[in-house]
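Thank you all for making time for this today. I would like to take you through one protein model, going from the overall fold to a few individual residues.

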Amino acid sequence: MPDKKISEFNYKLICNILANGALVNKWNKTVSKWCKHCNLNHDTKHMLYDCKNVQTIWCKLSEIFNINFTWKKI
């Protein structure tokens with residue numbers, strides 16, 4: 001049986017309700033909708049794939065596993 005936290009994360013990701021700046025900003029304007037690292041819209045895709053800090057990790061994983069990770073594959 002999968003861990004409850006993993007199941008919860010997957011559910012939020014699939015339903016596009018994973019907490020991020022762009023989503024939280026709709027209800028709380030004090031939370032910035034911009035990524036603090038690259039000043040782009042901080043949505044789910046950016047948070048998990050597009051951000052320059054995260055891209056470094058995906059590039060390293062691509063080298064280790066010899067797989068070209070794309071957003072569609074993730």
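I will begin with where the numbers come from, and then go through the fold, the surface and some single residues.

What we have here is a predicted model, in which local features need pLDDT of at least 70 and side-chain atom pairs count only at pLDDT 80 or more, while totals for chains, interfaces and linings use all residues. Residues are numbered from 1 along each chain as its sequence is written, and side-chain values use heavy atoms, with hydrogens and water left out.

Let me turn to the fold. The protein has four helices and zero strands, so that the order from the N terminus reads α-α-α-α, where helices (H or I, at least four residues) and strands (E, at least two) are DSSP runs numbered from the N terminus. The C-alpha trace spans about 40 × 35 × 15 Å along its principal axes. Of the 74 residues in the protein, 22% are buried; here buried means under 20% relative accessible area, exposed means over 50%, and partly exposed lies in between, with a 1.4 Å probe and protein chains only. If we take contacts between residues at least 6 apart in sequence, 21% of them join residues at least 24 apart, a contact being heavy atoms within 4.5 Å.

Now the surface. The protein exposes about 6000 Å², and carbon and sulfur atoms supply 60% of that area, as computed by the Shrake-Rupley method with a 1.4 Å probe, where for residues only the protein chains shown count as cover. I64, F65 and I67 make a nonpolar surface patch of about 320 Å²; patches are made of residues with over 30% relative accessible area and no salt bridge, with like charges joined within 9 Å and nonpolar side chains (Val, Leu, Ile, Met, Phe, Trp, Tyr) within 5 Å.

Is H46, by contrast, buried or exposed? H46 lies in helix α3 (residues 44-50) and is buried, with a relative accessible area of 3%. Leaving aside residues up to four places away in sequence, H46 touches C35, C38, L40, N41 and C51.

That leaves the charged pairs. Side chains of opposite charge can pair when their charged atoms come close. The count comes to two salt bridges, each defined as a side-chain nitrogen of Lys or Arg within 4 Å of a carboxyl oxygen of Asp or Glu. One joins K12 to E8, with the closest N and O atoms 3.2 Å apart; because K12 and E8 are four residues apart in helix α1, about one helical turn separates them. K12 is partly exposed at 29% relative accessibility, and E8 is partly exposed at 34%. The other salt bridge is between the side chains of K45 and D50, at 3.3 Å from N to O; K45 is partly exposed, with a relative accessible area of 32%, and D50 is partly exposed at 34%.
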